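Here is a walk through a structure, paragraph by paragraph. Keep the sequence and the 3D view open while reading.

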Amino acid sequence: MSAGYNFGFLDEHAKKEVRRAILKAISIPGYQVPYSSREMPMGRGFGTGGLQITLSLIGANDTLKVIDQGSDDSVNAVNLRQFIEMTCPGIDTTTRLSEATLIQSRHRIPETPLKPEQVLVLQVPYPDPLVVVEPSEDKRKIMHGEADYARLLVKLYEDIVKFDEITISHRYPTRINDHYVIDPSPIPRWDVPKLDNSPALILFGAGREKKIYAVPPHTKGEPLAFEDVPFRVEDFRDAQGKRRACARCGATDTFLDEFMNEDGSKRYQCSDSDYCDETLEADMMTEATTHA
Amino acid sequence: MRKILEVRNLSKIYGKGCPRCIESTGPEADTNMCPHCGSVVAIHDVSFDLHEGEILGLMGESGSGKSTVVKNLYFDQTPTSGEARFFDEAGTQDMFHLNAAQQRRLRNQRFGMVYQNPHLGLNFGISSGGNIAERLLMNDVSHYGEIRERAKELLSRTEVLLSRMDESPGNFSGGMQQRVQIAKALATNPPLLYLDEVTTGLDLSVQARILDLILEIQQERNTAMIVVTHDLGVIRLLTGRALVMKYGRVIESGLTDQILEDPQHAYTQRLVASAL
């Protein structure tokens, strides 16, 4: 059902403009390219930036996966997927990362490494990492141009002084290609190293703030840190220092979500539901073969 | 002595300016506002040299343009015309012909500034140590331990209690805030320091200790300084040479002792007579 809209909801001129912004973003890794950001049939802040990129790139041969906080089944993912299915007749959708050519994600990068032919689109609420230290956008633009990020590092310094470690849990400022520092959207620290030298193109779309930026394939992505206080990812260790495992698939090398059981105890489970499912299936296969 | 700064014909006019601005302003005209176009000639034709380890005084009444000179040399403002050359170890820098990034580098690495109002020089949203860290981080020091050590060293040199280095400068007294500002200015060990009315508004005993500190720093590090003040006592204590300014013009210049003991210009004579 096409619902009487142009393929991809946006008109061709709008898509062309977004594509042009994407090309510029890829040419200048980490630079925030302004674009017009059309009105979408959903509120700004619900992933309209990522959605416009996806709609501008998607073609009838594409297979799309939409993720929200690692899961294919949560509200944001389901609604976006249905909207794209409705406005882009002929495309395939999947929950399997390996089958997807285009992946739109909210706040997670999948656990399985991306492939060169895949494109990851991330939804971004706040594109500018400097917004925490400089309220004026004019001045921020100059600071970005001159790669003047001392005040961001001062924030890290203050963190270490107060808490003995860097306390940024998500939106960790990351320097791309030795110049621009980006806000990599609210992905957890766990996902930040995946930006470095990624085989796949990673695009960032901020609909409300009207910015697009990119980490092109095989580009250096380096989280800000001090020489003697290196960047760390979440370690998920319990009080005994043992790495927690996923309660469902038993994986000990994934980003875990914490759930509260009815009795008040805690339960940990893979945030990436597709990865969790695949690990479970693979386990069942091996079990089946050993029994047979 | 090695020359460190050479300023020639520095001028700053606020407003659109007209051909008659210069002739209709200055000490003779008794105004710095052009009666024809309303522009303010903040400074005109200021020239001087500064040598390594030397302290130069800029004195004059409020509105005489002394702070404007320093603001232009620290790139807080852009001059209308004039030249300034900074003789760095690595070579001569033609200050007003550098691009913005080069100017920022010079400002962050080679110059230090202490403002009268600590709010201009310090970030009150972060700790005192963080203020010093900011300047070091601007200069690509990226080792936390080293930054911490250097901040401690500077704050203890300027006699700020180390137990309070992780507090915001907002919790400090005026004198302490000036000490943090001086520590921040010294962080990169700059060869040139600008001091804009650093002791104004502090009580006398605190003033004396800050002035002592400035003299000690000059002796230890051979830092050249430009001191802006309307306080003749500060001029006498700190500076070797001085310029007297009025309505944006330099009306008298020379050795500080000479100016204070034997002023030539009628205005300087009045200034000295009123203070002594």
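Two strands count as a pair if DSSP finds at least two bridges between them. The model described here is predicted. By that rule, strand β7 of chain B, residues 192–196, pairs with strand β8 of chain B, residues 224–229. The two run in the parallel sense, and 5 bridges join them. Within this pairing, B:L195 stands opposite B:V227 of β8(B).

Both strands belong to an open sheet of 6 strands in chain B, ordered β6-β7-β8-β3-β9-β10, and the pairing across the sheet is mixed. Each of β6 (111–114) and β10 (249–255) of chain B has a single partner strand, so these two form the edges and one side of each has no neighbour in the sheet. From one strand to the next, the twist averages 15 degrees.

Turning to chain A, its secondary structure consists of 6 helices and 12 strands. Its C-alpha atoms occupy a box of roughly 60 × 60 × 35 Å along the principal axes. The radius of gyration of chain A is 20 Å, which agrees with a compact globule, because a globule of 292 residues would have a value near 19 Å. Of the 292 residues in chain A, 41% are buried. Among contacts in chain A between residues at least 6 apart in sequence, 62% link residues at least 24 apart.

The last topic is where the chains meet. Contacts between them involve 13 residues of chain A and 17 residues of chain B. On the chain A side, 8 of the residues are nonpolar and 5 are charged, with no polar residues.

Note on methods. Residues are numbered from 1 along each chain as its sequence is written. Chains are lettered from A and ligands numbered from 1 in the order in which they are written. This is a predicted model: local features need pLDDT of at least 70, side-chain atom pairs count only at pLDDT 80 or more; totals for chains, interfaces and linings use all residues. Two residues are in contact if their C-beta atoms, placed from the backbone, lie within 7 Å. Ala, Val, Leu, Ile, Met, Phe, Trp, Tyr, Cys and Pro count as nonpolar, Asp, Glu, Lys and Arg as charged, and the others, Gly among them, as polar. Helices (H or I, at least four residues) and strands (E, at least two) are DSSP runs, numbered from the N terminus. Axes are lines fitted to C-alpha atoms, for helices over the stretch in contact, and angles run from 0 to 180 degrees between N-to-C directions. The radius of gyration is taken over C-alpha atoms; the globule rule is 2.2 Å times the number of residues to the power 0.38. A residue is buried if 20 or more other C-beta atoms lie within 10 Å of its own, exposed if 12 or fewer, and partly exposed in between; C-beta atoms are placed from the backbone.
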